[in-house]
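Hi,

Here is the structure I promised to pass on to you. Have a look at it first, and then read my notes below.

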Amino acid sequence: MSYVTEIAPASPDIVIEHFSKRLSLETDCADVAQALQDGPDFVLLHVVGTSAAYERRHIPGAIHLNHREISAERMAEWPQDTIFVVYCAGPHCNGADQAALKLARLGRPVKIMIGGITGWADEELPFATGPEAGDFQQAA
């Protein structure tokens, strides 16, 4: 018996419940890129850093809204049922977690894009520069 199998795998019912819950909370870079190419059905938020850092490099189509600036007043720009996908610098950063928590507390549907900018770069996906959100299809 190996360390892998010493503890038996969970039953399929538990696995289905676990991963269904997990996928309701997060998405990944490849799925976000495909959605941006197809025409997204969510708002992508770059939730960390300064405006200058955002201008140097961000995911095309992302709006810069630092998690510290998320409030009911700021979010009133979007209909209440708007789905948000948030990302931060990467696995070493919890800005996306903080943004997701704030959005959920405001009753907003939200997912985190796991990997953040680091994951996006690892996937060799295109970046945008400048103060505007940009367009994924033009950057690709």
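This is a predicted model: local features need pLDDT of at least 70, side-chain atom pairs count only at pLDDT 80 or more; totals for chains, interfaces and linings use all residues.

**The overall layout**

The protein has 7 helices and 5 strands. Both kinds of element are DSSP runs, numbered from the N terminus: helices are H or I with at least four residues, and strands are E with at least two. Along the sequence they come in the order α-β-α-β-α-β-α-β-α-β-α-α. A box of roughly 55 × 35 × 30 Å, taken along the principal axes, holds the C-alpha atoms.

Of the 140 residues in the protein, 36% are buried. Here buried means under 20% relative accessible area, exposed means over 50%, and partly exposed lies in between (1.4 Å probe, protein chains only). Contact means heavy atoms within 4.5 Å. Among contacts with a separation of 6 or more, 71% are between residues 24 or more positions apart.

The arc is that of the directions from the helix axis to the C-beta atoms. After α5 comes Gly107, with a positive phi near 80°.

Helix α2 (residues 29-38) has its own buried set: Cys29, Val32, Ala33, Ala35 and Leu36. These cover an arc of only 165° around the axis, so they sit on the same side of α2. Their cover includes β1 (26-27), β2 (43-46), β4 (84-87), β5 (110-113), α6 (116-122) and α7 (136-139). Gly39 follows α2 and has a positive phi, near 110°.

**The cysteines**

How many disulfides are there? The count comes to 0, where a disulfide is a pair of cysteine sulfur atoms within 2.5 Å. For Cys29, the closest cysteine sulfur is in Cys88, 10 Å away, which is too far for a bond. Cys88 is in no disulfide either, and its nearest cysteine sulfur, that of Cys93, is 3.5 Å away. Cys29 counts as buried because its relative accessibility is 4%; Cys88 is buried too, with a relative accessible area of 5%.

**The pockets**

Rolling a probe the size of a water molecule over the atoms shows where empty space is left. A pocket is found on a 1 Å grid over the protein atoms alone: it is an open set of points where a 1.4 Å probe fits, with protein on both sides within 12 Å along at least five of seven lines, and lining residues have an atom within 4 Å of a point. Grid points are joined across faces, edges and corners, and a volume is the space filled by probe spheres set on the points.

The largest pocket has a volume of about 230 Å³. It is lined by 17 residues, of which Glu26, Ala96, Asp97, Ile112 and Ile114 are the closest to its centre.

**A loop to look at**

Is Glu124 buried or exposed? Glu124 is exposed, with a relative accessible area of 72%, and it lies in the loop between α6 and α7. Its phi is near 55°, a positive value in a residue other than glycine. Most residues other than glycine have a negative phi.

Ala128 is found in the loop between α6 and α7 as well, but Ala128 counts as buried, at 9% relative accessibility. Leaving aside neighbours within four places in sequence, Ala128 is in contact with Arg56, Arg57, His58, Pro60 and Ala133.

Enjoy exploring!

Note on methods. Residues are numbered from 1 along each chain as its sequence is written. Side-chain values use heavy atoms; hydrogens and water are left out.
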